[in-house]
Amino acid sequence: MASLILTIEGQTIRTVRLLEGETLVGRDPECSLVLERPGVSKHHAVVICRGDAAAILRDLESTNGTMVNGQRVSVTPLTQGDVIKISDVEMEYVPMVLPDAEELPAPPHHEDESQAGGAPTAPGDLRAITRAGPRIGGPAGASWVGDAVAFTIAARGREIQAFISADALLSHFDVLVYGPDGPTRAVEAYEENYVSINVVAYKLFEESGREPIRIRNSDFEA
């Protein structure tokens, strides 16, 4: 698990432990991490943590945007020392639970629409698409994270986070990930082609040693 150190104008205001799963950040009192600051949207961003895999930050189409290390982002993995900035609040990402980190409240329980006959998961939704039986894509399985399928590979005695982009899935596996069932198709495409995708992931990791691994169109041999 991981922590965030929150500062305003260089002064630490709190240290929090990220939740397993999704930590919703915003102005709404129902958010787990509430930021009552000017320029913060009701639901501004979310940080996704699954076990020891790399955390993922996603901006939720906020009005004023989310910055990481001075760059505006939509979806990005987080690594040691990354600084998230929302309004005037800076949050340093630390991939461990700090001794003084406070526990955040779990989000209120809402019935899952997909189980209640509601709308299917849409592109950009952060709910993992679960499967019965053995997990493909690592211990947590593969999941859609906004513009890519996230999965892990076992290397150097641990799980390494990896992503395959939506355009790579379209170009190489003829999968259009946009539309009501896009995330489901994307995850299914990974599961059906995971051997060839994992081979590319291993090759990229061996060549660069960089984490997380990002698979793009150009990473597949013609």
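Buried means under 20% relative accessible area and exposed over 50%, with partly exposed in between (1.4 Å probe, protein chains only). Helices (H or I, at least four residues) and strands (E, at least two) are DSSP runs, numbered from the N terminus. The model is predicted: local features need pLDDT of at least 70, side-chain atom pairs count only at pLDDT 80 or more, and totals for chains, interfaces and linings use all residues. Residues are numbered from 1 along each chain as its sequence is written, and side-chain values use heavy atoms, with hydrogens and water left out.

**Exercise 1. Check the span of helix α3 (residues 194-208).**

Step 1. The expected span of a helix is 1.5 Å times one less than its number of residues.

Step 2. For the 15 residues of α3 this gives 21 Å, and the end C-alpha atoms are 21 Å apart, which agrees.

Step 3. Just after α3, Gly209 has a positive phi of about 70 degrees.

**Exercise 2. Sort residues of α3 into buried and exposed, and find what the buried ones pack against.**

Step 1. Ile197, Asn198, Val200, Ala201, Leu204 and Phe205 are the buried residues of α3.

Step 2. They lie on the same side of α3, because they cover an arc of only 155 degrees around the axis. The arc is that of the directions from the helix axis to the C-beta atoms.

Step 3. An α-helix has 3.6 residues a turn, so residues three or four places apart point the same way.

Step 4. Val195, Val199, Glu206 and Glu207, on the other side of α3, are exposed.

Step 5. Contact means heavy atoms within 4.5 Å. The buried residues of α3 pack against β14 (148-155), β15 (158-165), α1 (166-173), α2 (182-192) and β16 (213-215).

**Exercise 3. Describe the cover and the pairing of strand β5 (residues 45-49).**

Step 1. Five of the five residues of β5 are buried. Ala45, Val47 and Cys49 are on one side, and Val46 and Ile48 on the other.

Step 2. Two strands pair if DSSP finds at least two bridges between them.

Step 3. β5 pairs with strand β3 (residues 21-26) in the antiparallel sense over five bridges; Cys49 is the bridge partner of Gly21.

Step 4. Strand β6 (residues 56-59) runs antiparallel to β5, joined by four bridges, and Arg58 in β6 is the bridge partner of Val46.
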